[in-house]
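Subject: Structure handover

Hi,

Here is the structure I promised to pass on. My notes follow below it.

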Amino acid sequence: MRISRRGLLKGTVAAGAAGALAGAAHGREAVEPEPDAVGMLFDSTRCVGCRACQSACKTANGLHPDTVSANGGVYDAPLDLNASTKTIIKTFGSGEGQAFVKQQCMHCVDPPCVSACMLGAMHKEGEGKRPIRGEKRGTGVVVYDPYTCTGCRYCQIACPFNVPKFEWRAAFPLIVKCELCRHRADPSRPGPLALANPACAEVCPRRAIVYGWRRELLAEAKRRIAAEPRRYNGHVYGEHEGGGTQVLCLAGAGISFQDLGLRALPDRSAARFSESVSHAPYLHGLTPIALYAAIAFVVRRNERGHEASRREEETR
Amino acid sequence: MSAHETPVAVGGKLLAPPMKPLLALFAVAAAVMAFRFFAGLGPVSNMSDGFAWGIWEPINVVVFTGIGTGALGVGLLTYLANRGEYHGLVRPAVLAGAIAYTLGGSSIMVALGRYWNALLLPVVPLWNLSSALLEVAVCVLAYLFVLWIEVLPSILDRAAESASPRWSRIGRRWAPRLARAMPYLIGLAMVLPVMHQSSLGGLMLIAEPKVHPLWHTALLPALFLVSCLSMGYGAVVALVTILNLAWNAKLDPRLLATLARVNSGFLFFFLALRLGDLAWAGKLPLLGFDVTTLLFVVELCLFLAPAAMFAVPAVQRNRGRMFGAALLAVAAGAVYRVDTYLSVFRPGPGWSYFPSLGEIAVTVGMGAAGIALFIVICRLFPIVVVGKRPAVARGRAPGAPGRPPELERMRTSA
């Protein structure tokens, strides 16, 4: 059999086209929020930038201070999320347009970091690749398991919010990010507090950070917008962004979420897009097997042909 | 394989130029890598939480393995298209591929923060099948294994000729067995790289908000697959030319001309896919007078130049121009890949990245180690088919299956 260059090219084109078609046909389903998903609502219009949440987070999670020296003094004043800062208050704009924003893991409904993680180190609580004691399914909290993490940092590439942080100066580094203070859960308390209890929400003096069921927080956010339409910009960030997030955000009138450093994202999660495109050409694993069988068959037939002609030469 | 097509060990001094500078470069890289295991990745690199992969992933893995797919390219022609005349190119291309993938794999082990957990990669129940990186990792490791098995026949041939009866027995016994298993191995050697080279493009699908829309497309896997073939064929043409200059390796201009035409096809196909996709998605208005457009235009020119050159018969007849076009073809794929992973990767405001000296040292040193390893294996084992013309200043009749003198010396002194 002779395969011409044109034939090869035709094959490649056909395979590519088939893959693209299959990709359009078999997109992965969108992930809906779990009914008992927990989350947080951050209301930028209530935040005064006191950073009590930041300090409480460090204490609750045993994180080192991130110090800067200035004017002869040393301050625990992180400039961004990092390996010892799981949440941070930042301010954007000035004057009338000034507003604070709280950055932390958004606990996406369909998280790209979870889709990207090779061995399920980054996973939705209770849905990892290995059973982990104490994890409850259905909370939707994105948690980290160091025992299966290879430190490849693909989660950092995948996260649209640049949330997972890496311990760059450690010989045995970890990925660090907010896990919604799952370790502070108190099973004796009712409702969402039995699953997690974020220290930041607990200490906020202005109730700018509220922890609870995602469905209730979403309703509360919409109620606030409806009650005071001139106070808010009218949108709940995280209801649909990137396939939805469990941490929701409200911003003041005239302020866009992009002004607050929250990326404009399509409604479908990047995880869904990536998985749909990547999986389509594989046809559930059929393509590689068929391709392998076809190649092995052709190669073996060609080799046999060579052998026969060699034998013929020898006998002559 | 006819008699004059038999590969021979090239022989010669192991430390002959350019070996010493190559080893020196690798020594620097080794020192940086050793330091990294004690101090962490931060002190040796400029990587950050925004640019978490630096240059090691885009260059050491994505570009090196792209160059290594010359093995796939030659395999497709020799075994699938049944063009036996390319048989002489198989061993050098497979060896280059095995080394390139080894470099990629070992660089990743240095780049992994929690490298010891890579031991868990073979544990199937832990696999997250949604992860493009898992597909790449498992597939690259499997292909690495397959490539070195494909190198084995050269080692076994050499063992069969060995003066030691034990080695000679092993070589004579296992070489034919391996030959019988080859068709099944070749199947893997084609499916695996097709899978992971496309997945290397697929890796960036999920970074949708960060990769510039001129580069981010659902066709990333297809574009990476085509670009690996254009890089691979270019690398083979360049390799054959260098081997001919250095060791008087057999160089059949007609074969190179065919490789050139095939490569021209892949390069044009890449351009058609790339431009067609942008036009189809309505992204052409994103072009303007800015740095990303400049990068895009440079990329297009890098693809267009070798595509056009390879198609011209006058170039196909000229060894120097062919070599130039081959290097351009490799550079085109390399620049496309580095652009996608790094140059147009924008994690957000406030992040910037330029590789540190340590990172550059590791990338350069690993490349040097690869070249050194290639030279040593070609000197000791029958990889290269040496041509009929007498070699100049090599002091040994070319074409004669020679035994590397230093091996003899080692054996007698032992």
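Start with a strand pair in chain A. Strand β2 (residues 67-70) of chain A pairs with strand β3 (residues 73-76) of chain A in the antiparallel sense, over four bridges. Bear in mind that this is a predicted model. A70(A) has G73(A) of β3(A) as its bridge partner. Together β2(A) and β3(A) form a hairpin, with two residues between them. In the turn, N71(A) has a positive phi of about 50 degrees.

Now the interface. In chain A, 56 residues are in contact with 56 residues of chain B. Several elements give two or more residues to the chain A side, among them α1 (5-25), α7 (270-279) and α8 (286-315) of chain A. The largest share, 11 residues, comes from α8(A). By class, the side of chain A that touches chain B has 31 nonpolar, 14 polar and 11 charged residues.

α8(A) packs with helix α6 (residues 165-202) of chain B at an angle of about 140 degrees, and their axes are 8 Å apart. An angle over 145 would count as roughly antiparallel, so α8(A) is oblique to α6(B). Their crossing is right-handed.

Which residues make the contact? From α8(A), they include L291(A), Y292(A), I295(A) and V299(A). From α6(B), they include Y184(B), I186(B), L188(B) and M190(B). By class, this contact has 13 nonpolar, one polar and two charged residues.

Best wishes

Terms used. Residues numbered from 1 in each chain as written. Chains lettered and ligands numbered in written order. Predicted model: local features only at pLDDT ≥ 70, side-chain atom pairs only at ≥ 80, totals over all residues. Contact = placed C-beta atoms within 7 Å. Nonpolar A, V, L, I, M, F, W, Y, C, P; charged D, E, K, R; others polar. Axes fitted to C-alpha atoms, helices over the stretch in contact; angles between N-to-C directions. Parallel < 35°, antiparallel > 145°, perpendicular 65-115°, else oblique. Left-handed = near helix turned anticlockwise from the far one by under 90°. Pairing = 2+ DSSP bridges.
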